[in-house]
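Hi,

Here is the model I promised to pass on.

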Amino acid sequence: MLSKIYRGLRALSTRKIRFDIDLIPYEFEKLPLKKVINWVMTESSVYLKPARPWGFPTIIQIEATNRCNLRCVSCPAAASLNRPRGDMNLSIFKKIIDELRDYLLLIIFWDWGEPFLNPDAYEMIRYAHDSGVKLVSSTNGQLFGKGNQAQKVVESGLDVLVFSVDGTTQETYQRFRKSGKLDLVLEGVRRVVEEKRRQNSGTPLVNLRSIVMKHNEKEIDELKVLARDLKADALILRKFHDWADAKEFMPTDPKFQLPVPRLGKRASVLNENPCKNLWNCPTVHQDGTVCSCFVDYSANHPLGSVSTDSFKNVWYGQAYRKLRRDFRKRWKQLPLCGLCSYGFKGGDVGRDANAEVFFYPN
């Protein structure tokens, strides 16, 4: 508790805040006092968990689209996404930013789909960037190996771009990334790196991320060399989170395994679930539906919609308040929370979902 108070006082005095997402550090300087105060109030809400938060979220996950150009094994977007496919309307995105620009620090610009399939993706990024909000996005990389996508993403102001690279050979890569072409991904990385150099830009930070699975464990050393040769800024080795009982992909090394009780793995249940999402990371689907978490991929438990209401009304509404109270009292019985790896030792689907990170000075 004392450390949290110290962090709050330090942020207020310096107007600086630092945290990491997926092991990548984000630093915020010269912040408006209003934004710092909101961060303090939101972090206090995360700690004390009131039904009505004391601040607006400082992090939000926005789904630009739920369409995808791959059919990855175990991904809900490939087969089990039980909602209409489509792209977020630019007006909905701007509505979110306009309401939250004084509070937001970071946008996680992806959910269940390839975000750059949305033709307005780069304008969305630029709009948020110009509003003083940092963004991180993830791509399967298929679009960046051709056309002018690399130029557009560097010009957009995106802070971090994650490329999914789950193998160093086409044979290994395509076992999980069905219909994907590894050479397009690697060419996309090269183009973004080169475009950064051409524009003399420090962003986006190019982060290669590899989900470690049984069939690609043997290529980890090669992947480290590949990341260095491509002049990527970082490489993250991510634990395998099985969404569809794909047991044959579970890695053999325990440090790359998340506890998944439904697969019969032994896991120690925590007394208190450390999840922050109900107080500081809502998910907004492409049609404006607000959900408590990205795990609700089919929006079976919607909490409201920013397409028909303000975010404020949804955030402080009765549905959200009831869910927060239920989480405090009986999170183990909730359909989304009870089997989520967050509730088990070593199962954080945030920071601890990633086993290792390597940074490459360029």
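Predicted model: local features only at pLDDT ≥ 70, side-chain atom pairs only at ≥ 80, totals over all residues.

Let's start with α6 and α8, which pack at an angle of about 55° with their axes 9 Å apart. Axes here are lines fitted to C-alpha atoms, for helices over the stretch in contact, and angles run from 0 to 180 degrees between N-to-C directions. Helices (H or I, at least four residues) and strands (E, at least two) are DSSP runs, numbered from the N terminus. The two helices are therefore oblique to each other; under 35 degrees counts as roughly parallel, over 145 as roughly antiparallel, 65 to 115 as roughly perpendicular and the rest as oblique. On the α6 side, Ala-150, Gln-151, Val-153, Val-154 and Glu-155 meet Arg-191, Val-192, Glu-195, Lys-196, Arg-198 and Gln-199 of α8 (contact means heavy atoms within 4.5 Å).

Residues are numbered from 1 along each chain as its sequence is written, and side-chain values use heavy atoms, with hydrogens and water left out.

α6 also packs against α5 (residues 121–130), at about 15° and again with axes 9 Å apart. That makes α5 roughly parallel to α6. Tyr-122, Ile-125, Arg-126 and His-129 are the α5 residues in this contact, and they meet Gln-149, Lys-152, Val-153, Glu-155 and Ser-156 in α6.

Back to α8 (residues 182–199): at 1.5 Å a residue, its 18 residues should span 26 Å, and its end C-alpha atoms are 26 Å apart, so the two agree. (The expected span is 1.5 Å times one less than the number of residues.) Its buried residues include Leu-182, Val-185, Leu-186, Val-189 and Glu-195, where buried means under 20% relative accessible area, exposed over 50% and partly exposed in between (1.4 Å probe, protein chains only). Among the elements covering them are α6, β6 (160–164) and α9 (220–229).

Now the backbone. Just after α8, Asn-200 takes a positive phi of about 55°. In the loop between α8 and β7 sits Pro-204, joined to Thr-203 by a cis peptide bond with omega about 0°.

Asp-22 also has a positive phi of about 55°, although it is not a glycine; it lies in the loop between β1 (17–21) and β2 (24–28) and is buried, at 13% relative accessible area.

Cheers
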